[in-house]
Amino acid sequence: MWRRVTSVSHLTFAHKSTVNKNACTFKCWESFTTEIPRKEKTTYQRAKTPFITFVLGGPGSGKGTQCMKIVENFGFTHLSAGELLRREIASNSADGIMILNTIKEGKIVPSELTIKLIQKEMELSDNYKFLIDGFPRSEDNRKAFEQIFGAEPDVVLFFDCPEDEMVKRVLNRNQGRVDDNIDTIKKRLKVFTALNLPVVNHYLEKGKLYKINGVGTVDEIYKQVHPVFSSFHFEQVRV
């Protein structure tokens with residue numbers, strides 16, 4: 001059984017100077033615990049602290065394809081921010097309608113809503129390794145995530161790809177998505193360039209960013225990705 005932990009020990013905080021303040025309100029990283037049988041203990045044993053990877057890149061940069069390779073080889077759980085938002089749209093909820101209109105305008109969905117969807121999926125998972133694909137897309141996203149979770153990601157992948165290549169890929173994938181048309185793609189790329197660069201630079205300065213050349217075959221690109229995760233000595237999934 002997964003449970004939210006209120007203890008703030010063994011956690012990595014984004015702002016160490018505010019640890020004591022945050023401890024008072026239990027604003028901490030989303031840790032998980034497994035319940036010990038009552039006959040043996042009445043307490044809870046902490047499981048592994050979640051390992052979070054942000055996966056950044058413009059639409060058509062190939063990050064989704066590479067996420068599938070990481071899942072296959074290292075056993076991560078892939079959480080696509082875009083897919084979670086599209087699922088909410090399909091539910092025809094009030095949030096879904098708002099999300100649809102926001103995407104059509106090429107704007108960024110409110111941070112708190114996207115984080116709520118991500119957090120829900122993490123709480124439902126029994127894994128501790130997560131790829132958060134397509135988030136954060138702005139400094140507002142980044143700050144909101146760190147404030148809500150009380151911690152930074154462990155790794156940030158940035159897939160760097162020329163704009164003309166990304167446009168070509170998105171138009172060719174033909175997935176029937178509402179945002180896969182030339183006008184919306186150009187809006188998305190413009191917004192991405194303006195808002196995502198500060199996020200990339202922030203994590204570059206933190207020493208967490210791994211820049212991946214997004215041009216090449218899937219296997220050629222993955223040769224750059226694989227060493228990032230093998231360096232953390234994750235057990236590779238046997239096929």
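A polar contact is a pair of N or O atoms within 3.5 Å; within protein, one must be able to donate a hydrogen and the other to accept it, and residues adjacent in sequence count only if both atoms are side-chain atoms. Keep that in mind for Arg137, whose side chain reaches the backbone oxygen of Gly134 at 2.9 Å. What you're looking at is a predicted model, where local features need pLDDT of at least 70, side-chain atom pairs count only at pLDDT 80 or more, and totals for chains, interfaces and linings use all residues. Residues are numbered from 1 along each chain as its sequence is written, and side-chain values use heavy atoms, with hydrogens and water left out.

**The whole chain**
- You'll find nine helices and seven strands here; these are DSSP runs (helices: H or I, at least four residues; strands: E, at least two), numbered from the N terminus.
- Of the 239 residues, 44% count as buried, and buried means under 20% relative accessible area, with exposed over 50% and partly exposed in between (1.4 Å probe, protein chains only).
- Among contacts (heavy atoms within 4.5 Å) with a separation of 6 or more, 75% come from residues 24 or more positions apart.

**Two arginines from the UniProt list**
- An unreviewed UniProt entry gives a "binding site" that includes Gly134, Arg137 and Arg188; its positions follow the numbering used here, feature names are shortened, and annotations may be inferred rather than shown by experiment.
- Arg137 sits in the loop between β5 (129-133) and α6 (139-149), and it counts as partly exposed because its relative accessibility is 32%.
- Beyond its neighbours within four places in sequence, Arg137 is in contact with Gly82, Ile108, Leu195, Asn196 and Val199.
- Arg188 belongs to helix α8 (residues 182-206), and at 13% relative accessibility Arg188 is buried.

**Where α6 meets α8**
- The two helices pack at an angle of about 50 degrees, with their axes 8 Å apart. That makes α6 oblique to α8.
- On the α6 side are Glu139, Arg142 and Glu146, which meet Leu195, Pro198, Val199, His202 and Tyr203 of α8.
- Sorted by type, the residues of this contact are four nonpolar, one polar and three charged.

**Asn73 in α2**
- Asn73 lies in helix α2 (residues 63-74) and is buried, its relative accessible area being 18%.
- Its side chain makes a polar contact with the side chain of Tyr222 (3.3 Å).
- Leaving out residues up to four places away in sequence, Asn73 touches Tyr222, Glu235, Gln236 and Val237.

Technical notes. Axes are lines fitted to C-alpha atoms, for helices over the stretch in contact, and angles run from 0 to 180 degrees between N-to-C directions. Angles under 35 degrees count as roughly parallel, over 145 as roughly antiparallel, 65 to 115 as roughly perpendicular and the rest as oblique. Ala, Val, Leu, Ile, Met, Phe, Trp, Tyr, Cys and Pro count as nonpolar, Asp, Glu, Lys and Arg as charged, and the others, Gly among them, as polar.
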